[in-house]
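Please keep the model in view while going through the points.

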Amino acid sequence: MKKVYVNEDWCLACHLCEFYCAAANSGKSLINAFKYSDKKPVPRIRVEEGSEVNFAVQCRHCDAKPCVKGCIAGALSVVDGVVVCDENKCVGCYTCVLSCPYGCVVIDEEGHRIQKCDLCTKNHNGEPACVQGCPNKAIVFEER
Amino acid sequence: MAVNFNNALFEIVRNPDRCIKCRVCERQCANEVHKYDPEQDKMVANELNCVDCQRCVCLCPTNALKIRPNENQFRMNGNWNMQLMDEVYKQAGSGGVLLSAMGNPQNYPVYWDKILLNASQVTNPPIDPLREPMETKTFLGKKSQKITYDKDGKAHYEKTPYLELDLPIMFSAMSFGSISKNAHESLARAATALGTYYNTGEGGLHRDFYKYGKNTIVQVASGRFGVFKGYLDAGAAVEIKMGQGAKPGIGGHLPGMKVNEEISRTRMIPMGADAISPAPHHDIYSIEDLRQLVNSLKEATNGEKPIIVKIAAVHNVAAIASGIARSGADIIAIDGFRGGTGAAPTRIRDNVGIPIELALASVDSRLRDEGIRNDVSIVAAGSMRSAADVVKAIALGADAVYIATAALLAMGCHLCRSCNTGKCNWGIATQRADLVKRLNPNVAYERLVNLVTAWDHEIKEIMGGMGINSIESLRGNRLMLRGIGLTQKELDILGIMHAGE
Amino acid sequence: MNYVIIGNSAAAIGTISGIREIDSTGKITVISDEKYHTYSRPLISYWLEGKVSDKNIYYRPADFYEKNGVETILGKKAVKIEKDKKCVVLEDGISVPYDKLMVATGSKPFVPPMNGLEKTNYHTFMSYDSVKTIRSELREGMKVLIIGAGLIGLKAAEALHAYNAKITVVDMADRILPSILDERAAMKMQKYIESKGVKFILKTSAEEFTEHKAKLKNGEDVDFDMLIVAVGVRPNTELIADAGGKVERGVITDMTQKTSLDDIYSAGDCTVSYDASSDTEKILALLPNAYMQGEVAGRNMAGREFYYVNAIPMNAIGFFGKHIISAGSYDGEEYIAETENTYKKLVFRDNRLVGYILMGDVERAGIYTSMIKERIDLGEVDVEMLKSKPQMMMFGKARREEKLGGIIK
């Protein structure tokens with residue numbers, strides 16, 4: 001299955017992936033998402049910055065799927081290998097935040113529910129927004 | 001705060017309707033121009049530091065940025081322009097020699113733009129390169145003068161080492177030190193993919209790049225950095241650098257600050273030590289001395305590798321080239337005064353040397369006149385900006401060209417001419433680890449390959465238009481060229497007729 | 001193969017999923033004394049609060065049983081396991097034969113003997129039915145007394161707060177949420193909940209109830225219109241015990257979730273688990289634990305060998321918008337960082353992270369959880385980074401590559 005991978009050799013910590021991700025999933029343009037929304041959308045990819053290396057982390061759509069198994073509301077499920085969240089069902093208990101070993105379940109801008117990377121299956125055709133937006137091809141979408 | 005005499009050269013125009021305060025401009029500016037001010041909740045800029053490298057403009061996800069010349073101008077003066085005044089202020093402040101980078105930006109005539117190309121019409125009709133074979137393969141080195149046949153009909157000729165290029169474009173010398181390791185890797189991989197050569201420059205060859213040796217020209221310069229037997233053996237050819245178009249008569253200086261562990265290892269000098277290339281080779285004071293070095297290098301490489309001698313285009317370039325042709329060198333590289341550099345004294349860069357167009361034409365003519373043109377190949381360098389420039393250079397007499405500035409542009413350079421600061425925001429002319437990683441060789445090498453492949457297509461297209469299907473037939477074919485707006489003297493030197501003639 | 005599952009919550013659903021991973025055709029029958037399609041027990045407080053609709057309380061989509069080829073016997077209690085005949089006897093006398101049996105009976109509310117309790121119309125807070133009853137009796141602005149300041153009691157308080165109830169919570173313990181919080185965090189949380197208008201009376205219990213009044217041992221009287229008893233739960237172990245299976249505080253299973261009885265498995269809140277963080281056996285009444293035990297059991301029931309290991313106590317819960325995530329054991333060397341609105345406690349032992357409490361800021365807590373579960377030695381991580389916030393950066397490059405999927409060259 002094709003997944004998003006980040007090559008830390010090339011990640012510049014420019015954080016553009018976060019902005020592209022947040023805008024893509026808000027369904028708005030970057031400008032509208034960040035200038036004309038009540039609350040700035042929260043990205044589902046997160047850049048970690050170090051003194052020498054940087055990298056972005058997002059849902060690994062891992063085999064163990066502790067988030068899906070622990071979800072008390074049945075909001076998280078697996079569709080064609082992609083872990084997706086039904087935001088209408090999520091009650092914001094954050095058991096998935098507790099369970100995800102990568103720290104990739106994100107609390108939304110309202111602070112009431114979670115959201116997570118669904119490989120842009122709901123909003124983009126082809127490559128996820130973070131991959132498209134990475135200026136240094138540090139983020140790739142591929143089979144490994 | 002002290003009085004600042006200098007004018008900020010640029011002005012940053014930020015469109016507040018578009019800026020989303022993502023701060024990518026701030027994170028990506030090594031000159032620390034942009035800053036987020038939490039008190040104002042907006043991005044602010046310190047324009048004095050801006051070098052107009054366009055990194056922020058290119059990465060701004062909402063196209064909110066523009067950089068334009070500062071509207072603030074000193075009082076108009078036809079003689080004292082703002083730049084000259086600015087330089088005076090700088091020197092009055094620092095007491096130092098002004099340093100600049102990249103090629104001569106002054107408004108000298110560009111002869112490429114005053115030369116027009118020919119095309120066939122009724123007779124000798126044009127060739128469609130998409131339908132018919134079109135050869136741009138090029139061989140560099142001595143051409144054998146005489147072929148004899150023995151009684152069995154077998155041909156005998158002098159076998160001399162040569163370089164085989166799939167297209168007549170090579171990447172010019174840029175040292176590891178002046179450019180980053182990632183830039184070097186990009187050039188090496190692109191040269192390999194294109195079937196041509198890149199050039200180590202005077203900084204030695206990083207151990208990771210020996211594997212690209214087949215497509216590498218290793219340079220021996222006055223500092224002899226990183227030169228040892230393994231280095232000479234690694235390359236496909238050895239280039240002796242006598243001079244550089246951007247700074248004829250001047251050596252080089254890589255500040256110790258840039259000599260990190262990798263560079264120290266590659267150049268074989270202590271970490272943090274300044275790498276100074278003397279102005280002359282201290283063992284070369286005559287053509288005879290040069291001949292000695294050419295021979296030594298041939299000996300060191302078993303006579304298997306062609307030797308290139310690179311010189312800057314200076315006033316008596318034709319005579320110098322004639323001497324080099326007689327020194328045993330296989331290839332002469334001539335670097336025009338618009339060629340780039342990682343750092344040069346501004347006054348030298350902007351005032352010394354001559355244009356490659358004139359130098360090339362006069363060298364080619366001189367060698368032909370002396371009957372030694374086939375003893376050497378000529379590589380023209382010093383600002384080949386397009387496929388048209390390449391075609392014109394070859395028609396003027398070059399066997400191939402070196403490109404470097406165009407290659408840097410392909411990798412992202414925006415000619416801000418600040419390589420000497422070591423803070424290249426594009427990760428090219430820097431050794432700062434955080435900046436170097438901005439150049440992903442996987443991306444850059446592909447862009448280099450694209451560029452040169454595109455130029456090759458264009459060269460074939462132009463050749464086809466002329467009814468020529470082989471680069472051999474274009475070389476020195478000055479009938480394909482016409483000058484426009486040139487004086488008779490210039491036309492004479494270029495050896496071409498005026499348009500309409 | 002004929003699988004029978006007693007129970008219809010997380011452990012049962014996990015079991016179905018585990019079985020179906022391996023055996024797509026075997027017959028599966030689910031028996032439950034509750035009449036509902038599988039619903040999420042922890043959602044009942046959200047339902048009561050009005051945050052979860054009637055439709056969304058269900059744990060799996062409506063076509064779940066059909067899609068997974070599951071037959072259901074709902075609203076009927078299984079009263080006996082006849083292990084020799086390999087069948088389950090229902091309350092109406094019908095026997096359901098099995099080849100492999102899963103007992104996922106969960107737990108029931110524990111109501112301790114209290115003077116006069118029988119005079120009150122008290123409620124427990126465990127099932128969809130219980131909150132439906134509470135909902136039907138609720139009126140705006142009612143006085144509600146909740147006995148028990150644990151997770152269930154406080155979740156009930158939060159839900160009832162949405163009805164402007166005047167809530168008093170009484171607990172014998174000296175602090176709220178003693179099962180997941182330390183003293184300091186409990187105090188902070190208590191203050192926060194109090195600021196929302198909930199009253200706590202701690203270190204005391206009810207001496208005596210009358211219909212609408214509780215007399216406390218500390219002398220206070222609390223009037224109430226509604227009484228909720230939420231002092232704890234007890235595992236439903238009777239079926240296994242009666243069949244002769246090994247039962248201590250809960251059903252004892254091996255690492256494959258098999259009980260001491262042949263072909264009988266058990267999972268979820270009715271079982272005893274091994275807590276890897278404290279190296280002890282305990283009941284881990286947690287939904288993720290139940291699901292994963294069920295899944296492991298299901299795979300084993302279908303003939304594939306799997307072990308359930310690395311279980312730890314862990315909890316994610318929020319009250320009035322303030323969130324707590326905690327995991328592991330709190331026995332060890334502590335690191336505490338605190339701000340006005342947040343609290344963080346990390347517990348180290350044997351050069352490992354063994355437990356933590358995060359309150360207020362819970363982002364990326366799972367990275368800590370994985371440190372505990374995977375028993376990662378502190379020598380492998382940058383401890384300062386670990387302390388500052390959960391981040392992948394604290395791991396070395398090799399471990400990071402392994403976790404994040406490698407590096408392309």
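**Note on the sheet, a loop residue and a chain contact**

1. In chain C, three strands form an open sheet in the order S4-S5-S6, with antiparallel pairing. Strands are DSSP runs of E with at least two residues, helices are runs of H or I with at least four, and both are numbered from the N terminus; two strands pair if DSSP finds at least two bridges between them. The edges are held by S4 (78–82) and S6 (95–97) of chain C, each with a single partner strand, so one side of each is left without a neighbour in the sheet.

2. This is a predicted model, in which local features need pLDDT of at least 70 and side-chain atom pairs count only at pLDDT 80 or more, while totals for chains, interfaces and linings use all residues. Residues are numbered from 1 along each chain as its sequence is written, and chains are lettered from A and ligands numbered from 1 in the order in which they are written.

3. S4(C) and S5 (residues 87–90) of chain C run antiparallel and are joined by four bridges. Opposite Val88(C) in S5(C) stands Ile81(C).

4. Glu374(C) lies in the loop between helix H9 (365–373) and helix H10 (383–388) of chain C. Glu374(C) has 15 other C-beta atoms within 10 Å and is partly exposed (buried means 20 or more such atoms, exposed 12 or fewer, partly exposed in between, with C-beta atoms placed from the backbone).

5. The contact between chains takes 16 residues from chain A and 15 residues from chain B (C-beta atoms, placed from the backbone, within 7 Å).

Methods:
Two residues are in contact if their C-beta atoms, placed from the backbone, lie within 7 Å.
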